[in-house]
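Please open the model in a viewer and keep the selection tool at hand.

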Amino acid sequence: MAPTILHLRSEDKPLEHRSALTPTTTKALIDAGYVVNVEKSPVRIFDDEEFSAVGATLVPTGSWRDVPKEHIIVGLKELPEETFPLKHVHVQFAHCYKGQGGWETVLARFPRGGGTLLDLEFLQEPETGRRVAAFGYQAGFSGSALALKNWAWQLTHPGEPLPGVESYPNEDALIEDVKKDLEAGQAKAGRQPRVIVIGALGRCGRGAVDLCLKAGLPTEQILKWDMAETAKGGPFKEITESDIFVNCIYLSSKIPHFVNLESLKEPGRKLSVVCDVSADTTNPFNPVPIYTVATTFSKPTVPVEGLENPPLSVISIDHLPSLLPRESSESFSNDLLPYLLKLNDWQNNPVWAGAYKLFQEKVATLPKEALN
């Protein structure tokens with residue numbers, strides 16, 4: 001029986017340096033009998049040579065489009081915005097299952113070409129419903145870091161938006177940078193910021209809280225909320241009375257707003273930074289409906305218009321773990337490895353079969369015109 005061929009594509013999303021496969025997990029796959037072709041990538045955090053050193057074959061950037069149908073295409077973020085039908089099995093995050101803007105166009109490319117989407121966001125253990133791998137911890141960690149940096153920047157550079165940021169080589173470098181900024185902000189404010197993290201018990205929320213603690217904030221300055229605290233329904237005064245709000249929930253259905261433009265206009269607001277780690281910018285159920293655009297590493301914040309004393313800005317970057325691409329990739333790919341090793345018979349593996357069943361259900365909801 002011919003070996004299963006995995007094709008790791010180079011990411012196209014600007015400033016995306018993470019990788020679904022790492023040299024470590026690639027070696028494990030090759031040792032298990034897989035063939036792994038790795039596209040040369042100018043943006044991936046791992047050097048091409050790190051993959052070839054463990055036995056992967058380097059192939060041209062973007063060559064996934066032309067490889068045989070039997071190859072499984074492995075990536076991380078969305079494909080480029082093109083329209084040609086897709087013929088392969090694609091393993092990636094596609095962000096088209098929750099009513100996001102343009103979801104029909106993205107999803108329809110798969111059935112139009114006879115291809116399949118196995119969406120990494122929805123790989124779950126059938127017994128528990130728990131996701132098998134996620135970037136949540138690193139997303140929360142990175143989001144909190146940028147939120148603290150932004151709070152300090154607002155105080156030390158009034159009226160100026162937070163400048164662009166770039167990936168850090170490791171976690172220690174990020175923490176050192178945040179500590180330095182936080183000290184400058186505290187010197188201006190004469191106090192420490194209060195941070196509220198909603199979704200604090202999940203992976204993402206734990207990352208957000210841990211960053212605050214590692215940056216030097218005492219635990220009493222961090223409000224750690226989860227479902228019990230939000231059960232009564234918002235908007236919540238505790239958010240507007242905090243300096244920083246980090247939203248870490250996993251949104252799956254409509255819930256009351258945590259904060260909205262009306263609650264922001266009430267007297268006594270201290271809130272000046274919102275980091276919406278969930279970044280459900282176009283989701284109609286977004287419980288933080290105070291912004292409409294996704295921000296980027298090159299332009300990390302967007303102001304909420306009409307608010308002064310203090311001004312308020314939102315961070316809504318949908319690839320926050322790229323701030324720490326090496327640690328993020330290693331953690332995610334190691335968690336995913338037991339399931340990657342089952343890709344040679346994915347139809348009969350309950351986790352991958354569950355993702356395929358969901359794909360079929362979502363395709364069934366496509367409007368007919370999207371399939372033409």
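**The nonpolar core**

In this predicted model, begin with the largest nonpolar core, which has 37 residues. Select Leu 148, Leu 174, Val 195, Val 197, Ile 244, Val 246 and Val 277, the members with the most contacts inside this core. Next, colour the elements that give two or more residues to the core: helix 4, helix 5 (171–189) and helix 6 (203–214), together with strand 7 (195–198), strand 9 (244–247) and strand 10 (273–276). Which element gives the largest share of this core? Helix 4 does, with eight residues. In soluble globular proteins, nonpolar side chains tend to be buried together.

**The second largest pocket**

The volume of the second largest pocket is about 520 Å³. Its lining comprises 30 residues, of which Gln 154, Gly 159, Pro 311, Leu 312 and Ser 313 are the closest to the pocket centre; select these five to find the site. Colouring the lining by class shows 14 nonpolar, nine polar and seven charged residues.

Now display the rings of the aromatic residues. The structure holds 13 aromatic pairs. One of them is formed by Phe 110 and Phe 359, an edge-to-face pair with 6.2 Å from centre to centre and 80° between the planes. Phe 110 belongs to helix 3 (residues 103–113) and Phe 359 to helix 11 (residues 350–363), so the pair ties together parts that are 249 residues apart in sequence.

**Charges over rings**

Finally, select two places where a charged side chain meets a ring. At Arg 18, the charged end sits over the ring of Phe 135, 4.3 Å from the ring centre. At Lys 77, the charged end sits over the ring of Phe 93, and here the distance to the ring centre is 5.9 Å.

Technical notes. Residues are numbered from 1 along each chain as its sequence is written. This is a predicted model: local features need pLDDT of at least 70, side-chain atom pairs count only at pLDDT 80 or more; totals for chains, interfaces and linings use all residues. Side-chain values use heavy atoms; hydrogens and water are left out. Rings of Phe, Tyr and Trp (its six-membered ring) pair if their centres lie within 6.5 Å; planes under 30 degrees apart count as stacked, over 60 as edge-to-face and the rest as tilted. Helices (H or I, at least four residues) and strands (E, at least two) are DSSP runs, numbered from the N terminus. A charge sits over a ring if NZ of Lys or CZ of Arg is within 6 Å of the ring centre and within 35 degrees of the ring normal. On a 1 Å grid over the protein atoms alone, a cavity is a set of points where a 1.4 Å probe fits but cannot get out, and a pocket is an open set with protein on both sides within 12 Å along at least five of seven lines; lining residues have an atom within 4 Å of a point. Grid points are joined across faces, edges and corners, and a volume is the space filled by probe spheres set on the points. Ala, Val, Leu, Ile, Met, Phe, Trp, Tyr, Cys and Pro count as nonpolar, Asp, Glu, Lys and Arg as charged, and the others, Gly among them, as polar. A nonpolar core is a set of buried Ala, Val, Leu, Ile, Met, Phe, Trp, Tyr and Cys residues joined through side-chain atoms within 4.5 Å. Buried means under 20% relative accessible area, exposed over 50%, partly exposed in between (1.4 Å probe, protein chains only).
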